[in-house]
Amino acid sequence: MAENGEEKLLAVARHIAKTLGHNESMADDILQIFSNFDGRFSREKLAEGQAGEDGSGVAVLERALNSIDVQISRFVAADQPIWADPSDSAAFLDTIDEFVAIIREWSPMASEKPIGVCLARADDMMQQAMFRIEEEFRSLMERGAESFGLNPLGDAGGTNHRFDSEEEDDDDRDFHNGDDVQIPVAQPLTDYDLIIDALPSATINDLHEMAKRMLGAGFGKSCSHVYSACRREFLEESLSRLGLQKLSIEEVHKMPWQELEDEIDRWIKAANVALRILFPSERRLCDRVLFGFSSAADLSFMEVCRGSTIQLLNFADAIAIGSRSPERLFKVLDVFETMRDLMPEFENVFSDQFCSVLRNEAVTIWKRLGESIRGIFMELENLIRRDPAKAAVPGGGLHPITRYVMNYLRAACRSRQTLELVFEESNGVPSKDSTLLTVQMSWIMELLESNLEVKSKVYKDPALCYVFLMNNGRYIVQKVKDGDLGLLLGDDWIRKHNAKVRQYHMNYQRSSCNKMLGLLKVDNTASGMNGLGKTMKEKLKQFNIQFDEICKVHSTWVVFDEQLREELKISLARLLVPAYGNFIGRFQNLGDIGKNADRYIKYGVEDIEARINELFKGTTTGRK
């Protein structure tokens, strides 16, 4: 060994002299300097070596390569896994280290043709060694995963955490019992606060040692590729077991809505597991295997997670650019909220330069979901505008569009904070005292009220028109008061619309009772007792006809709200009963005519009250 070392030292000195000496005189001067510095660099030895420099230098390198070749060939040709025996794996790594050191030592002299030829041979040998270590790397990752059995989420306590979408069926069990090696996948869980150690610590240490040699030898891309391929397959299989399908955007758009709702639920669960458990666990594993090589670790992690992340983001994007039918709002909100809640995970897990594309794409799709939500509200506006005013609701009851819109807005406002965020992202300018969401809700309410005003014109009877507006107005106010919608629109809005309902009430009274009240007024200008009696008899007759007609018709009308119904009856009674009582009292006091008043008086005061109490008993449907 000492002799070989001295030969190498002399060869290096000769090479330096030859490289730096631009002419024969300068080379002689350099040789003299070496000779004075160390006796081993005697001018005779250096001159002798220089004369045959190429031969002796190459001989040293060739002997070293031959020795390494014997050792590497033994490992490369081995039938059994090298890492099955710790002594073999240690010897193989030592050989790789020695080989790398030789190449580095002689690389500065690669411009010398004989040495360059030897180094080319060394590159071929190194490639064979790296091919074998790559096979060992892949095999060790697969065997390490198998050794965890059914507990890929293994923790120090050995608890089984499961997060697949449903229990394994018989076909799955038969599949796993077959000859093909299956990658173990994670199973269901309820707690997202955990990190998976997907491989045993000893395996991770071995993989790190192998990766260190591959990267040190310049085979970083190969190392990253084999690592990424193995872990990527694990992730994809795990998402599949969570029930997430690989769907194109076109397939998502063609899916029936009920099926798509179920798919969204599965996506939400898969996205949470992926971003909160799987990806952070892969980040940790990647950093441990490729410790000391941060750039390689970042690249490998991106390659591992890219496919699964794109799969998750593509589905969210398909939802964002899909139909904006109003009934889809609530599931789109679910997807938006999931993306919002996972934004910190996207930022943390994909923080390096290689993952910036994934991180930015997540933000873009999240914002696109917000645009979709705003678009759905625009479609709701169009739905209200387009709702026809052809058929009247029987009895002036609650119109389906009122029920639909108000229940829709109440349900939407359960996600008030989310909607506030969505509308803040728009380009609108809020008013001084209102948020953009308040402006949006107020505008929808205004459209609904305008639509109902148009629909009320379908009724030919003005009284029924006001009953219709009263019913729908009261329903709107109640729905606003009972939920978050009231907090958005405010007390002033509620007071204003309560006043509208009272105005409809008064308009109904006028249109229903004014004629009857006019009949109950005594005309003091009539000439004589007989003339007054004749006039009152005629008025009483007309009153009975009108009252019978109103009771017959109005009893079929609908007032869904019990309190409003009672208020209407009480107000009608207060108007009619006193006036009627005064009228028939005066009529009964008209001398001879009054003695026969019972022949003309069809209803007593109590009868009027009883008939009024029978009003508004039409069928109330669809109040909710």
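Which residues does E345 touch, not counting residues up to four places away in sequence? That was my opening question for today, and I took it to a predicted model.

**Entry 1: E345**

I found E345 in helix 13, which covers residues 329-349. Leaving out residues up to four places away in sequence, I listed L275, R276 and F350 as the residues that E345 touches. Then I asked myself: is E345 buried or exposed? Its relative accessibility is 19%. Buried means under 20%, so I wrote E345 down as buried.

**Entry 2: M378**

Next I looked up M378, and I found this residue in helix 14 (residues 356-386). Here the relative accessibility is 52%, so M378 counts as exposed. The cut-off I used for exposed is over 50%. I also looked up a pair of C-alpha atoms, those of M378 and S325. The two residues are 53 residues apart along the chain, and their C-alpha atoms are separated by 9.7 Å.

**Entry 3: helix 20 and helix 22**

I reminded myself that two packed helices are described by the angle between their axes and the distance between the axes. My pair was helix 20 (residues 491-519) and helix 22 (residues 562-588). I noted an angle of about 15 degrees and axes 11 Å apart. How do the two helices lie relative to each other? Angles under 35 degrees count as roughly parallel, so helix 20 and helix 22 are roughly parallel to each other. I noted their crossing as right-handed.

Then I went through the residues that meet. From helix 20 I wrote down H505, Y508, Q509, C513, M516, L517 and L519. On the helix 22 side I have E567, L568, S571, L572, L575, L576, A579 and F583. Sorted by kind, the residues of this contact come to 11 nonpolar, three polar and one charged.

**Entry 4: cysteines**

How many disulfides does the structure hold? I found zero. To see why, I checked C223: the closest cysteine sulfur is in C286, 9.1 Å from the sulfur of C223, and that is too far for a bond. A disulfide needs the two sulfur atoms within 2.5 Å. C305 is in no disulfide either, and its nearest cysteine sulfur, in C355, is 6.9 Å away.

C223 has a relative accessible area of 1% and is buried. C305, with a relative accessible area of 0%, is buried too.

Notes: Residues are numbered from 1 along each chain as its sequence is written. This is a predicted model: local features need pLDDT of at least 70, side-chain atom pairs count only at pLDDT 80 or more; totals for chains, interfaces and linings use all residues. Side-chain values use heavy atoms; hydrogens and water are left out. Helices (H or I, at least four residues) and strands (E, at least two) are DSSP runs, numbered from the N terminus. Buried means under 20% relative accessible area, exposed over 50%, partly exposed in between (1.4 Å probe, protein chains only). Contact means heavy atoms within 4.5 Å. Axes are lines fitted to C-alpha atoms, for helices over the stretch in contact, and angles run from 0 to 180 degrees between N-to-C directions. Angles under 35 degrees count as roughly parallel, over 145 as roughly antiparallel, 65 to 115 as roughly perpendicular and the rest as oblique. A crossing is left-handed if the near helix is turned anticlockwise from the far one by less than a right angle, and right-handed if clockwise. Ala, Val, Leu, Ile, Met, Phe, Trp, Tyr, Cys and Pro count as nonpolar, Asp, Glu, Lys and Arg as charged, and the others, Gly among them, as polar.
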